[in-house]
Amino acid sequence: METISIQQTGSTPQVLFDPLTSTLCLLGESYPENSFDFYTPVVSWLKSALQELSVLTLDITITYMNSSSTKCILDLLDIMEEAYSRGVATSIIWRYDRENPRSYVLAEEFLEEVTFPFEIEVLTK
Amino acid sequence: MDLFELRNEFDKSGIMMCFNGPFSHSIIEETGKAMRNHLVAENISQSAVLDVFAVYIELAQNVRNYLTVREITPSEAMSSIIAIARKGAGYAISSGNIVLNADGEALCSRVHDVNSMTPEERKRNYRELLRRDAVPGALGAGLGFLEIAKRSSGKMECSVRPVDDTYAFITLTAFI
């Protein structure tokens, strides 16, 4: 299976898959010039990865995302939800900064959209 | 060029930072960073800094996406403008750009719709738009004004000024 690795920039998060823990990490801020262009390879990778994997955790630490990124993140969640319904053990860990309560509210909104395990944790610095 | 006079105008309006010119992603990003650093130094809460920054990003990206989608060339668009000003105990963030005459009206009516929604209605509308299939060619999800309203302390303001038979100039202001 191919892995995925995209370096963090000022306006795009790091995207990195760790095959040892079967975890896809998103880390940083997300307000790309074109969110759909940025997330298209991530969406494609996730789709094909979930055909092969039996477990996948999405570990998200995004301190700020613009509105078009939220739509792209929901696309990722939908793909995970579909895999979960086929028996793939998908789950999310959403890490938020206590100083940034909106990230917690956003996590709660995403949580309402899915049925697979979704943990919201305080970011430890 | 009387920059002294221009600077006085900025000061009178409480403008802390302003960019006027063609928007590029790197300009949006760099101006945003500078603004954030400036706000952090003002000793306001981290979440307030992020609210101002988020509203700035939505407004600036809206302008850029709009001009791109409508294929308005830089020479037609001339300069677009974004400014952050002190307003009472908070901040006002404004964007101004050229729009097609018909779009100016449509954008203002969308702003008024969002302004008149309760937080519950906004949340429902946000969810509907999130779930709607992406519009082909669109660069955003149409969520920008809802995102701005979520982070704002008052209603958004919108004004449109005619420029010529084709274009108008739209100004949008949000308050934090």
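This passage describes the contact between chains A and B in a predicted model, and then turns to the nonpolar core and to a pair of helices in chain B.

In the predicted model, the contact between the two chains draws 17 residues from chain A and 18 residues from chain B. On the side of chain B that touches chain A, at least two residues are supplied by each of helix H2 (25-40), helix H3 (46-69) and helix H7 (144-151), and the largest share, seven residues, comes from H3(B). By class, the residues on this side of chain B comprise eight nonpolar, six polar and four charged.

The largest nonpolar core holds 69 residues, among which A:Leu76, B:Val52, B:Val55, B:Tyr56 and B:Ile93 touch the most other members. H3(B) gives the most to this core, contributing 13 residues. When neighbours within four places in sequence are left aside, B:Tyr56 is in contact with B:Gly32, B:Met35, B:Ile82, B:Ile84 and B:Ile93.

Two packed helices are described by the angle between their axes and the distance between the axes. For H3(B) and H7(B), the axes come within 9 Å and cross at roughly 160 degrees; because angles over 145 degrees count as roughly antiparallel, H3(B) is roughly antiparallel to H7(B). The crossing of H3(B) and H7(B) is left-handed. To their contact, H3(B) brings B:Asp51, B:Ala54, B:Val55, B:Glu58 and B:Asn62, while H7(B) brings B:Gly144, B:Glu147, B:Ile148 and B:Arg151, and the residues of this contact divide into three nonpolar, two polar and four charged.

How values were computed:
Residues numbered from 1 in each chain as written. Chains lettered and ligands numbered in written order. Predicted model: local features only at pLDDT ≥ 70, side-chain atom pairs only at ≥ 80, totals over all residues. Contact = placed C-beta atoms within 7 Å. Helix = DSSP H or I, 4+ residues; strand = E, 2+ residues; numbered from the N terminus. Nonpolar A, V, L, I, M, F, W, Y, C, P; charged D, E, K, R; others polar. Core = buried A, V, L, I, M, F, W, Y, C linked by C-beta atoms within 7 Å. Buried ≥ 20, exposed ≤ 12 C-beta atoms within 10 Å, placed from the backbone. Axes fitted to C-alpha atoms, helices over the stretch in contact; angles between N-to-C directions. Parallel < 35°, antiparallel > 145°, perpendicular 65-115°, else oblique. Left-handed = near helix turned anticlockwise from the far one by under 90°.
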